[in-house]
Amino acid sequence: MSALLEAKQIVKQFGGLRAVNDVSLTIEHGQVFGLIGPNGAGKTTFFNVITGLFPPTSGELLFDGRSIIGLKPHQIVDRGIARTFQNIRLFANMSALENVLVGQHVRLRFNPVEAVLKLPAFVHQEQRAAERALDLLSLVGLRGKADELARNLPYGDQRRLEIARALATDPKMLLLDEPTAGMNPQESRELTDFIRHLRHELDLTVLLIEHDMKVVMGVSDVVAVLDYGEKIAEGPPAAIQSNERVIEAYLGRGIEGLMLEDETPGAA
């Protein structure tokens, strides 16, 4: 495999606070890469740097061999990076289908005259976009709810719809920020299987922030750990689970969450 995303000594500073401090990591084509850490560790800030919401204070960020520093969020989407958010950000008063169509906007190519006059080139693109949107709703299990308003969908379906909207941009890399937040254990297991399915079906690279350690350890090839903005560990899931520095970072903040089974902290 070859590197798709390379972050080199990324720093993001807000006044006197270094939310991300000298973080370097490499994500290869086709990997599922987990990013974990206690609350306030800098994970979402790092996501925001990658997606252009925050410019890095210093460091280098390469995607597919080209720098993405200084690009606006829509330009980064155009390069092939899509994301979901920790707090769902759907268009609540639009249908599921319309939400996915919004995601395809970055890939549509027409001029205002074609749109106003409904010229054949524009109509053809609209038809293809609708077909693609329905295919994506099928992929996430929501084909039968295409006409329902996003606000009326159950929470788990809203999560899936947000992923479908991100996929509508035809990304090379998908960034998922806490995708199982608010889900019950069954929904979390289903989403874990779905992430595996996406990886193989669409040849996607996935960068995943997740607090549910069963999800992270079950689906990731590599896991990196942030603590107070610094990367303190990186490696295969099994190595991360037994890393003393990682365990120490979680002490007093829910160390049981780092274990795959319902064990006590002193259990083997």
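Helices (H or I, at least four residues) and strands (E, at least two) are DSSP runs, numbered from the N terminus. Their axes are lines fitted to C-alpha atoms, for helices over the stretch in contact, and angles run from 0 to 180 degrees between N-to-C directions. This is a predicted model, in which local features need pLDDT of at least 70 and side-chain atom pairs count only at pLDDT 80 or more, while totals for chains, interfaces and linings use all residues. Residues are numbered from 1 along each chain as its sequence is written, and side-chain values use heavy atoms, with hydrogens and water left out.

**Stop 1: H3 and H6**

Select helix H3 (residues 96-104) and helix H6 (residues 155-167). The axes of H3 and H6 come within 7 Å and cross at roughly 30°. Now show the side chains in contact (heavy atoms within 4.5 Å): Ala 96, Asn 99, Val 100 and Gly 103 of H3, with Leu 161, Ala 164 and Arg 165 of H6. Four of these residues are nonpolar, two polar and one charged. Here Ala, Val, Leu, Ile, Met, Phe, Trp, Tyr, Cys and Pro count as nonpolar, Asp, Glu, Lys and Arg as charged, and the others, Gly among them, as polar.

**Stop 2: H6 and H7**

On H6, pick Gly 156, Arg 160, Ile 163 and Leu 167; they meet Glu 187, Glu 190, Leu 191, Phe 194, Leu 198 and Leu 202 in H7. The contact residues comprise six nonpolar, one polar and three charged.

**Stop 3: the largest pocket**

A pocket is an open set of points on a 1 Å grid over the protein atoms alone, where a 1.4 Å probe fits, with protein on both sides within 12 Å along at least five of seven lines; lining residues have an atom within 4 Å of a point. Select Val 77, Arg 83, Phe 85, Arg 165 and Thr 169, which lie nearest the centre of the largest pocket among its 20 lining residues. Helix H2 (73-79), strand E6 (81-83), H3 and H6 each supply at least two lining residues, and the largest share, four residues, comes from H2. The lining has eleven nonpolar, five polar and four charged residues.
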